[in-house]
Each structure stands twice: as C-alpha cells, then as structure tokens.
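Have the structure open while you read.

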Amino acid sequence: MAMVEIKVPDIGDFADVAVIEVLVKPGDSVVTEQSLITVESDKASMEIPSSQSGVVKDIFVKLGDRVAQGSVILSLEASEAAASAALPTAPPEAPANAPSQASGAMQKAMAPVSAPVAPQPASAPAQAVPAQAIHAPGAAVVSALPHASPSVRKFARELGVPLEDVKGSGPKGRITEEDVKNFTKAVMGGAARTQAMSSSAGADAGAPLGLLPWPKVDFEKFGPVIRQDLSRIKKISGANLHRNWVMIPHVTNHEHADVTELEALRVQLNKENEKAGVKFTLLAFVIKAVVAALKKFPDFNASLDGEALVYKQYFHIGFAADTPNGLVVPVLRDADQKGLMQITQELAELSKKAREGKLLPGEMTGGCFTISSLGGIGGRYFSPIINAPEVAILGLSKSFMEPVWNGEAFAPRLTLPMSLSYDHRVIDGALAARFNAYLSQILADFRRVML
Ligand code: CAO
C-alpha cells in the first residue's frame, strides 16, 4: 500500500476557489471518483472526487480555504484493488445523456460543474454524476451524507436549510431543489403558526404562505452594479418590519389637522426661548396630543398577549429616527409626566444619540405607541408599519397651506397630514377614525390637551 497525495485537478475556469464542504475525514475509506471536497466559485459549485481508492490519512484543506489546480487535498493510503472491486461497473442512476466519465480530462478529473441555484431536471448530468460518486456501492462510509448535487447543496446553504433534516424524494433518496423548497415552506408555516399563536387572539394562523422563492437575477448581465452588504441595523429592522407587515392585519386611516394656530404658538415659543437654545419641534406637541388620545382611547395603548389584551398604564412614546445606518426607534418614557420643554430636550438628545449610534438597548424598548414623522422631509400621507407588539403607529407628513372654507370665505390654513396604521385584530375602523379625529381636534386647539 502506497501513500499518495490527492491534488486538485485541472479545474479550468475554477482557479482559486473556496472550499465549502469537506466530505471525508481521516480514517475514512474512499473509492475512486468519490467526492472529497466541494468547492465554489461565485458562479457555481463542484465536487472534487478522489482519483484513487484507499484510506484517508491526513486532510490538508479546511472550510474556507482557497484552492487551485495542484493544491493537495489529502494523503491517502492507496488500495487500488479494493477500489476497483468497490466501483460499480455501470452506474445505476446514469442517465442516457450523462457524459462518459472517461471522456475528456475535465470529466475524468472531477464531477461536472452545476449552476448555483438554477432548477435542473432530475436527469441533468450535473446532478447525476456526483451523486453516483458519493453513493457508489462500497462507499458506506459516506452514505450518511445528504445525497444532493452541488447546486442543491448551495441552494440549501443560501436558505440556511440543514440538508441532514431534508427527506429526499429523488432516486435513492436524493434531495432535490424541490425537497429543499418544500422543507423551507413547512418550517416557515410552522414558525409562522407558532409566532401567530403567541401574539394573536389564539386563532390558528392558517396555512403556510406558500410563496415563491425570491427571484435570483444576475444583475451584471444587464449593466454594471455595486454590491454592498446591508448594515446591521437594516438587517435587524428589516426582519422586524417584515414580521410585523406579514403578521399584523394593517389598516391605515388618513386624517389631517389644522395646525395653523399650533405652528404660530411653536414659532412664538421658539422666539421666546431662543437665548436658552431650546427649539420646540412639532413632534413634541404631537407627542403630548398622542398621550391625550391614548388616555381617551386605551385600546391604542394595549398589546396582544395570546388571547388577552394588556392595557398599559404608562405612556412611553417611540419615534422613528432616520440615521445614517438605518431606521431606529428611540423611546421617550413617561411622556404623560413631562412638559413640552422636557419632551423637546429629550427628543433632541435621543435623536442625536440615534444618529451617532449611541442609543442604549433600554432606550429603544418598552414603547406603547410610535410616531413616524417624515414632516421635515416631504410627502403626503403614507402607510407606516406597526411596531409590534404595539397596535398602532402614527405617520406624519409635511404640513402644507391650503384654502379652507370657514363658512364665509376661503382662508389659508396650515394642514398636517396624519396617517394612523392600526392592528385590525384589536382596533375597529370606527375607533381608529375617532382616535384620529380627536387627535386632529387637539392639534387644532392645543388647549384641549389639558382637558
Ligand atoms: N411639516 C412641515 N415641516 C415640518 C414637519 C411637518 N410635519 N415636521 C418637522 N418639520 C420641519 C421643522 O419645522 C424643521 O424645520 P426648520 O428647521 O425650518 O425649523 C425641520 O422640519 C426639521 O424638523 P425637526 O428638527 O423638528 O425634526 P423632527 O422633530 O421633525 O424630526 C426626527 C426628528 C428624529 C423624527 C427626524 O429627524 C427623523 O429622523 N425623521 C424620519 C423618520 C423616518 O424615517 N420615518 C420613517 C419610518 S418608516 O420607514
């Protein structure tokens, strides 16, 4: 028995590729053509088979290593006789159109390349050959490995699906792309149901969504692109927004408030406090008005907890803040116990911290109701996404002057567009309209806040 080194063969366009799977370990018996490692370029993945039979001694590559032609994969105590006895004379699964493994250096040296995620027919050579190599009779040592082509493995990795848990429906239990999709759907359905059960009124959340997989597009085919990873905040807020959007039945009620007098008061207050460096913002006034509305309509200050509604006796108001790294929601605590001046100062501090990425976790939790103000930017009405487990969110757009009929004539009035999204499981449309109308009244005549 001779010790031989198994090297990466000529892999053509696949020079300098990453090792994404090591399929054997020291002590394993392998047969000729049995896959040893899987490598992956940015375009495709492939399995590299052994050119010899024998027992693996040392492995010289690990996950993440980059290899090229000539890189030593492992050393093997060769056993040609055993290998030839173990090899099948005719691969049982070979499709009629499979390329001969003896024809061409590429095919002799390695399993054929497969496209990363493109669906392939079950008989495609790209799937059939590596599978045969892994499951050749006598290769019992690797029979526990999930039986799947490189493209299916890559697809599963992208979705985070553990192939060990997937039941293959292909020939000899081979896992197909469809199996991976079905597994994902089943898990998503189960997860969605579990989450819904814990936050809804207890009703079964219904069937899994059964959505199509996300479209995979090679954008570079259509023009130059720049690829950039999502920021940490975007990843976190995106996952939350997605869950909230999917799980909460949203309805948005649009209303407007005449803030002409309020704006005059704000400008006046700012003049008076200019020397103190305090700048009253519209948001501070809206927070006060929202607290008054929450007191009048406690359902808006509630959260679903299984089959119960939890009515909060405190008034912590979140506000969406646009930061260079993405959206965050600082929470201003006990807004009912604070005056406009203190709210204004705390808003400024929290906004600054948000922009600088210095908010503490405790400054972003415990909110009862959120305000998303795009008023400083523009737009007219939008549908904000509820910040679970809250049951409503108020979106503010840019106020604008409009002629309003006062019974005798048209008068110019400053109008603030307000969009109230609410969880229809908790709040009825009529209640939402009343909440918004009340808010509008308070903002039109801020003295009502004291009532
Ligand atoms: N209509 C017209 N003008 C408005 C307004 C409104 N509704 N609200 C604010 N403005 C004006 C202010 O008067 C101020 O103008 P001046 O500088 O001339 O005085 C300017 O816009 C900036 O307002 P501000 O300093 O008072 O800030 P703000 O309180 O409006 O907002 C904050 C603070 C943190 C909410 C804001 O900076 C922000 O991040 N907004 C974006 C929120 C967001 O992204 N929401 C979307 C979430 S869903 O994707």
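A crossing counts as right-handed if the near helix is turned clockwise from the far one by less than a right angle, and as left-handed if anticlockwise. Keep in mind that this is a predicted model. By that rule, H8 and H10 cross in a right-handed way.

**H8 against H10**
- Helix H8 covers residues 282-296 and helix H10 covers residues 429-444; their axes come within 9 Å and cross at roughly 135 degrees.
- The two helices, H8 and H10, are therefore oblique to each other.
- On the H8 side, the contact uses Phe285, Val286, Ala289, Val290, Ala292, Ala293, Leu294 and Lys296, while H10 brings in Phe435, Tyr438, Leu439, Ile442 and Leu443.
- Sorted by class, the H8–H10 contact has twelve nonpolar residues, no polar ones and one charged.

**H8 against H9**
- H8 also packs on helix H9 (residues 340-355), at an angle of about 120 degrees and with the axes 9 Å apart.
- H8 and H9 are therefore oblique to each other, and H8 passes H9 in a right-handed crossing.
- Here Leu283, Ala284, Phe285, Ile287 and Lys288 of H8 meet Leu340, Ile343, Thr344 and Leu347 of H9.
- That contact of H8 with H9 splits into seven nonpolar, one polar and one charged residues.

**Around the ligand**
- The ligand is surrounded by 20 residues, and the closest are Lys279, Asp322, Ser372, Ser397 and Ser399.
- Asp322 places a backbone N or O atom 2.7 Å from a ligand oxygen atom.
- Ser372 has a side-chain N or O atom 2.9 Å from a nitrogen atom of the ligand.
- For Ser399, a backbone N or O atom sits 2.8 Å from a ligand nitrogen atom.

Key:
Residues are numbered from 1 along each chain as its sequence is written. This is a predicted model: local features need pLDDT of at least 70, side-chain atom pairs count only at pLDDT 80 or more; totals for chains, interfaces and linings use all residues. Side-chain values use heavy atoms; hydrogens and water are left out. Axes are lines fitted to C-alpha atoms, for helices over the stretch in contact, and angles run from 0 to 180 degrees between N-to-C directions. Helices (H or I, at least four residues) and strands (E, at least two) are DSSP runs, numbered from the N terminus. Angles under 35 degrees count as roughly parallel, over 145 as roughly antiparallel, 65 to 115 as roughly perpendicular and the rest as oblique. Contact means heavy atoms within 4.5 Å. Ala, Val, Leu, Ile, Met, Phe, Trp, Tyr, Cys and Pro count as nonpolar, Asp, Glu, Lys and Arg as charged, and the others, Gly among them, as polar. A residue is near a molecule or strand if one of its heavy atoms lies within 4 Å of it. A polar contact is a pair of N or O atoms within 3.5 Å; within protein, one must be able to donate a hydrogen and the other to accept it, and residues adjacent in sequence count only if both atoms are side-chain atoms.
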